[in-house]
Amino acid sequence: MADENPIAGFFGEHFKELRQRVIVSFVAVMIFTGVAYLFAEQISFFLMKPIFAAEPSLSGLVYTNLTEAFVSYLKISVLAGLGAGFPVFCYELWMFVGPGLKRHEKRLALTVTFWATILFGAGVLFAYFIALPRILSFFMSFSGEQLSAMPRLDAYLTFVARTSLAFGLAFEIPFLMMAAGRTGILDRGYFIEKRWLSYLGILVLSFLLTAGDFLGAFLLALPLFVLYESGIILLFIFSGKKKVKEAPESKDLAG
């Protein structure tokens, strides 16, 4: 009987390990989701704080469909489960790919994961504490004697989640600029030369991410302008260090 193909066996073992790690990550998300559902009301109330701060006279939100509250709590629980299970997913992913990476590749992977997570978290916090209260205050200002605001639970929670995700993703701009600069795809001069075109792109991106909300787009665009300039400064610092280190080597080669 012929021996088993070693290549097939190699990929088979890796596929089995990958499947196990995916299952562990999925189970972790399910457990965290179940726990979050037990506190879904408290989590939802925490997410409602910005609108109550924007409109103190608002006594509560409403739901117009019998299943709306249940589905809304379930959505919030799943999002909380994904957030809480993200470290488990990162750990399982790292245990899968880590042994095959070289030392400098491991260091780079950890650095990328760390800063991408920090920037995303900063964007979400900026949305919750700074952007959302001002956006909601603007929208609730249309309420008056003949026009009463009665926000629906599902629509409001969807709006909060969408806005937080938009800000979290948008705050990755300096990270992407650094990645492009360090890999040699684009240099610092390109970002300086295309600054005003990039500003226009940021405005369009902000408008799209906030689904046409002009105030939200403005509040998102302002920090993105700052982050864009921060990316240029970081590229200047790191590219400068790189040139200093490479200068002696170039001199020795020339000699």
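**Figure 1. The largest nonpolar core.** Among the 40 residues of the largest nonpolar core, Ile51, Tyr156, Ile202, Leu224 and Tyr228 touch the most other members. At least two core residues come from each of helix 2 (40–54), helix 3 (68–97), helix 4 (103–140), helix 5 (153–170), helix 6 (173–182), helix 8 (195–209) and helix 9 (214–254). Helix 9 gives the largest share, nine residues. The model shown is predicted. In soluble globular proteins, nonpolar side chains tend to be buried together.

**Figure 2. The whole protein, for orientation.** The protein holds nine helices and zero strands. Read from the N terminus, the order of elements is α-α-α-α-α-α-α-α-α. The protein has 255 residues, and 29% of them count as buried. Its accessible surface is about 16800 Å². Carbon and sulfur atoms hold 71% of that surface. Of the contacts with a separation of 6 or more, 81% join residues 24 or more positions apart.

**Figure 3. The surroundings of Ile202.** Ile202 is one of the core residues that touch the most other members. Leaving aside residues up to four places away in sequence, Ile202 touches Ile173, Ala221, Leu224, Phe225 and Tyr228. Leu224 and Tyr228 are also among the core residues with the most member contacts.

**Figure 4. Helix 4 against helix 5.** Two packed helices are described by the angle between their axes and the distance between the axes. Here the axes of helix 4 and helix 5 come within 8 Å and cross at roughly 135 degrees. Helix 4 is therefore oblique to helix 5. The crossing is right-handed. On the helix 4 side, the contact residues are Leu119, Phe120, Gly123, Val124, Phe126, Ala127, Ala131, Leu132, Ile135, Leu136 and Phe139. Helix 5 meets them with Tyr156, Phe159, Val160, Thr163, Ser164, Leu165, Phe167, Gly168 and Leu169.

**Figure 5. Helix 2 against helix 5.** The axes of helix 2 and helix 5 come within 10 Å. They cross at roughly 80 degrees, which means that helix 2 is roughly perpendicular to helix 5. Helix 2 makes the contact through Ser44, Leu47, Met48, Pro50 and Ile51. Helix 5 contributes Leu153, Tyr156, Leu157 and Val160.

**Figure 6. Helix 2 against helix 4.** The axes of helix 2 and helix 4 come within 8 Å, crossing at roughly 50 degrees. The two helices are therefore oblique to each other. The crossing is right-handed. Phe46, Leu47, Lys49, Pro50, Ile51 and Ala54 of helix 2 meet Tyr128, Leu132, Pro133, Leu136, Ser137 and Met140 of helix 4. Leu47, Pro50 and Ile51 also take part in the contact of helix 2 with helix 5.

**Figure 7. Gly83 in helix 3.** Gly83 lies in helix 3. Its relative accessible area is 47%, so Gly83 counts as partly exposed. Phe32 is 51 residues away in sequence. In space, the C-alpha atoms of Gly83 and Phe32 are 8.9 Å apart.

**Figure 8. Gly189 in helix 7.** Gly189 sits in helix 7, which spans residues 188–193. Gly189 is partly exposed, at 38% relative accessibility. Along the chain, Gly189 and Leu235 are 46 residues apart. Their C-alpha atoms are separated by 9.7 Å.

Definitions and conventions
Residues are numbered from 1 along each chain as its sequence is written. This is a predicted model: local features need pLDDT of at least 70, side-chain atom pairs count only at pLDDT 80 or more; totals for chains, interfaces and linings use all residues. Side-chain values use heavy atoms; hydrogens and water are left out. Helices (H or I, at least four residues) and strands (E, at least two) are DSSP runs, numbered from the N terminus. Buried means under 20% relative accessible area, exposed over 50%, partly exposed in between (1.4 Å probe, protein chains only). Contact means heavy atoms within 4.5 Å. Accessible areas come from the Shrake-Rupley method with a 1.4 Å probe; for residues, only the protein chains shown count as cover. A nonpolar core is a set of buried Ala, Val, Leu, Ile, Met, Phe, Trp, Tyr and Cys residues joined through side-chain atoms within 4.5 Å. Axes are lines fitted to C-alpha atoms, for helices over the stretch in contact, and angles run from 0 to 180 degrees between N-to-C directions. Angles under 35 degrees count as roughly parallel, over 145 as roughly antiparallel, 65 to 115 as roughly perpendicular and the rest as oblique. A crossing is left-handed if the near helix is turned anticlockwise from the far one by less than a right angle, and right-handed if clockwise.
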